[in-house]
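Work through these exercises on charged side chains. Try each task before you read its solution.

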Number of protein chains: 2
Amino acid sequence: IPLSRTTRCTCISISDQPIYPKSLEKLEIIPASQTCPQVEIIATMKKNREKRCLNPKSKTVKTLLKIVSLKRSHRTQRAA
Amino acid sequence: IPLSRTTRCTCISISDQPIYPKSLEKLEIIPASQTCPQVEIIATMKKNREKRCLNPKSKTVKTLLKIVSLKRSHRTQRAA
């Protein structure tokens, strides 16, 4: 679907490089809105705080979302 | 588990107010790390760009994550 000129999405291109949870500083989820009709998922990497747009429909991104939002850091898992 | 003085978490307190997807500008997920041993989920609201820390373990937050990362905006759903 060609992007109409009125939309102002943050993501222009989508990266399909693998993302390892450990290399991730944070994930941002920007819901679809009038300014941008599709969901945008942006990963900020620890290295150089590089930002990468991810494909919200891809299985790996959905798995990444699950891992990141559930996982406690190893240090506390051993202590718990 | 009392927070040790060395951790620097972004969230000091957790809000349990309901969050409506439409009132949400974005969601940030910060994975557990050495600086902060627990996952942090921060909602930025459209109104006044207010930031709220959410409870990663709560069912409503997990549902919110699903809704937000799947939902396309209404406008395109009718067009698709």
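**Exercise 1. Count the salt bridges.**
How many salt bridges are there over all chains?

*Solution.* This is a predicted model. Step one: apply the cut-off, a side-chain nitrogen of Lys or Arg within 4 Å of a carboxyl oxygen of Asp or Glu. Step two: count over all chains, which gives 8 salt bridges.

**Exercise 2. Follow a bridge within chain A.**
Which parts of chain A does the pair A:Glu28 and A:Lys51 tie together?

*Solution.* Start with the contact. A:Glu28 and A:Lys51 form a salt bridge, with 3.0 Å from N to O. A:Glu28 sits in strand 1 (residues 24–30) of chain A, and A:Lys51 sits in strand 3 (residues 51–54) of chain A, so the bridge ties together parts 23 residues apart in sequence. Now check the cover. Buried means under 20% relative accessible area, and exposed means over 50%. A:Glu28 has 5%, so this residue counts as buried. A:Lys51 has 52%, so this residue is exposed.

**Exercise 3. Cross to the other chain.**
Why does the pair B:Lys26 and A:Glu28 join two chains?

*Solution.* First, the distance: the closest N and O atoms of B:Lys26 and A:Glu28 are 2.6 Å apart, in a salt bridge. Then the places: B:Lys26 lies in strand 1 (residues 24–30) of chain B, while A:Glu28 lies in strand 1 of chain A, so the pair joins two chains. Last, the cover: B:Lys26 has a relative accessible area of 17% and is therefore buried. Salt bridges also link A:Lys26, B:Glu28 and B:Lys51 in a network.

**Exercise 4. Link a loop to a strand.**
Where do B:Arg49 and B:Glu25 lie?

*Solution.* Begin with the bridge. The closest N and O atoms of B:Arg49 and B:Glu25 are 2.5 Å apart. B:Arg49 is in the loop between strand 2 (40–45) and strand 3 (51–54) of chain B, and B:Glu25 is in strand 1 of chain B, so parts 24 residues apart in sequence are tied together. B:Arg49 counts as exposed at 54% relative accessibility. B:Glu25, at 25%, is partly exposed.

Note on methods: Residues are numbered from 1 along each chain as its sequence is written. Chains are lettered from A and ligands numbered from 1 in the order in which they are written. This is a predicted model: local features need pLDDT of at least 70, side-chain atom pairs count only at pLDDT 80 or more; totals for chains, interfaces and linings use all residues. Side-chain values use heavy atoms; hydrogens and water are left out. Helices (H or I, at least four residues) and strands (E, at least two) are DSSP runs, numbered from the N terminus. Buried means under 20% relative accessible area, exposed over 50%, partly exposed in between (1.4 Å probe, protein chains only).
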